[in-house]
Amino acid sequence: YLKNERVVLANGDIVKSTVDGNANDPNVNMTGWIKTNSASQILDESGLSQQDINKAKISFFDKFNDLPANATNGEVVYVKSTNSFFYKDIDGWIPSDKYIINLKDYPRLAPEVSDDGRFIRALSTIDTFPTTTSMSGYPIAPVTVVEIPPSEYTLVDQVTIASPFVEIKGIGKPTIKNIGNTKDLFVFNGAYVNKVSNITFQGGKSHLVITNPNTDATRISVNDCEFHYSDSFAINTFGTSPWSHLSALVEINSCAFIKCKKAINNVADKMTVDKCWLYPTYENFTADTAYIVNRGVELNMNHCLGVPVMGGPSWGDGSIPRVSGARWIDNYGGLTLSRSRFGLESDGMVIVNSYGGLDVFNNNMGSFIHIKECVTAGGVEFNLNDNTQIGIVRIKDKIPRQIYITDNILQLSCPAIVVENEVNLFNYIT
């Protein structure tokens with residue numbers, strides 16, 4: 001008989017050969033044969049044989065909620081509904097593959113009516129992971145991936161991510177929302193190496209808050225996310241050091257900011273915003289404010305598409321009052337805009353209000369503005385009686401060390417630079 005060849009015995013049992021060239025008759029001699037229904041041959045859906053399960057004394061449970069709270073630390077169980085193993089430690093039941101955490105393993109517990117607790121329980125397992133010091137002296141650790149399955153999740157309070165090494169990854173574009181407007185959604189408190197991807201955020205105050213005490217080598221990445229109707233900056237960065245600065249590289253790629261009151265607050269050494277959709281609207285915008293604020297050393301925006309809907313006589317039937325003092329960016333640091341569209345909808349709006357000057361200490365290396373190969377619809381056409389709503393760059397109270405505006409289109413009678421009355425150029429230069 002060949003190896004793995006099966007034979008039906010006279011008593012009805014089915015056996016298989018464990019060796020090639022087996023000459024023994026299994027009805028008489030079972031050497032080289034094994035019953036196919038023996039414990040070592042029956043494989044459970046977990047991939048373990050019944051014999052392995054018996055030896056390890058692994059308990060099986062249908063659902064995560066069935067796991068006993070009084071189990072012994074170190075005990076391992078298998079949960080059929082999640083097709084995964086869990087082990088018990090001082091923090092509760094932890095997925096055995098602890099560097100990939102799936103929110104589906106942390107259901108709501110009675111009497112919870114929101115999903116705050118689910119995120120808190122999932123994230124609490126990360127704090128037990130070790131961090132080591134590299135040869136360069138900077139901390140290193142494996143990055144834990146928190147997977148969020150496709151669904152809609154409701155928060156009533158902020159979720160704090162304390163681990164500096166974590167990625168929040170949406171599977172199938174889940175939605176996370178806060179029905180109020182006073183609480184942030186995700187707060188990365190001590191951010192260092194963090195990623196957020198493929199998630200739709202709605203409501204609340206800020207959707208992502210990124211902060212640390214100005215830790216060198218910080219790297220943050222936000223990819224393929226949507227931000228809807230935040231009541232403040234959808235992405236808000238700030239430092240807890242005295243001068244509120246982040247020694248960080250922040251990358252925001254292929255995202256959409258739709259009807260957010262404000263989109264981005266940057267205090268990082270370098271932030272890049274690439275291929276993003278920007279849609280500010282009178283429906284959720286405060287007069288005399290900017291959609292984006294840059295207090296960082298450098299903000300680069302490339303290949304972005306901006307559609308400003310600020311009301312006014314050229315929007316719709318003209319019955320919606322124009323939002324006064326609306327602009328795209330308040331700039332205090334270094335700003336580069338390239339191959340992006342600052343559109344003509346509702347006559348466009350001021351692109352940059354410039355507040356940064358030459359002061360190295362207050363503005364971290366001084367301010368500059370580069371705008372090239374963009375659509376620059378910088379507000380309503382020039383009016384001798386009221387030019388407060390126009391300009392590609394409006395100089396407010398200080399002069400940047402460099403302004404570079406070139407190869408743009410759709411300026412449409414709007415001045416490239418407007419120097420406001422408060423600025424006395426002669427006194428400033430001398």
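Predicted model: local features only at pLDDT ≥ 70, side-chain atom pairs only at ≥ 80, totals over all residues.
Reader: Let's take strand E32. How many of its residues are buried?
Author: Five of the five residues in E32 (residues 334-338) are buried. Buried means under 20% relative accessible area with a 1.4 Å probe, protein chains only. A strand is a DSSP run of E with at least two residues, numbered from the N terminus.

Reader: Which way do they point?
Author: Gly-334, Thr-336 and Ser-338 point one way, and Leu-335 and Leu-337 the other way. In a regular strand the side chains alternate between the two faces of the sheet.

Reader: Which strands pair with E32?
Author: Strand E29 (residues 298-302) is joined to E32 by five bridges and runs parallel to E32. Strand E35 (residues 368-372) also pairs with E32 in the parallel sense, over five bridges. Two strands pair if DSSP finds at least two bridges between them.

Reader: New topic. What is the order of strands in the open sheet?
Author: The order is E13-E16-E19-E22-E25-E28-E31-E34-E37-E39, which makes 10 strands with parallel pairing.

Reader: Which strands stand at the edges?
Author: Strand E13 (159-161) and strand E39 (417-419) do; each has a single partner strand, so one side of each is left without a neighbour in the sheet.

Reader: And inside the sheet, what stands opposite Val-187?
Author: Val-209 in E19 does. Strand E16 (residues 186-189) and E19 (residues 208-212) pair over four bridges, in the parallel sense.

Reader: What lines the largest cavity?
Author: The lining is Phe-188, Ala-191, Asn-194, Lys-195, Val-196, Ile-210, Ile-220 and Ser-221. A cavity is a set of points on a 1 Å grid over the protein atoms alone where a 1.4 Å probe fits but cannot get out, and lining residues have an atom within 4 Å of a point.

Reader: Which strand gives the most to that lining?
Author: E17 does, with three residues.

Technical notes. Residues numbered from 1 in each chain as written. Heavy atoms only, no water. Buried < 20%, exposed > 50% of the residue type's maximum accessible area, 1.4 Å probe, protein only. 1 Å grid on protein atoms, 1.4 Å probe; cavity = no way out; pocket = protein on both sides within 12 Å on 5 of 7 lines; lining within 4 Å.
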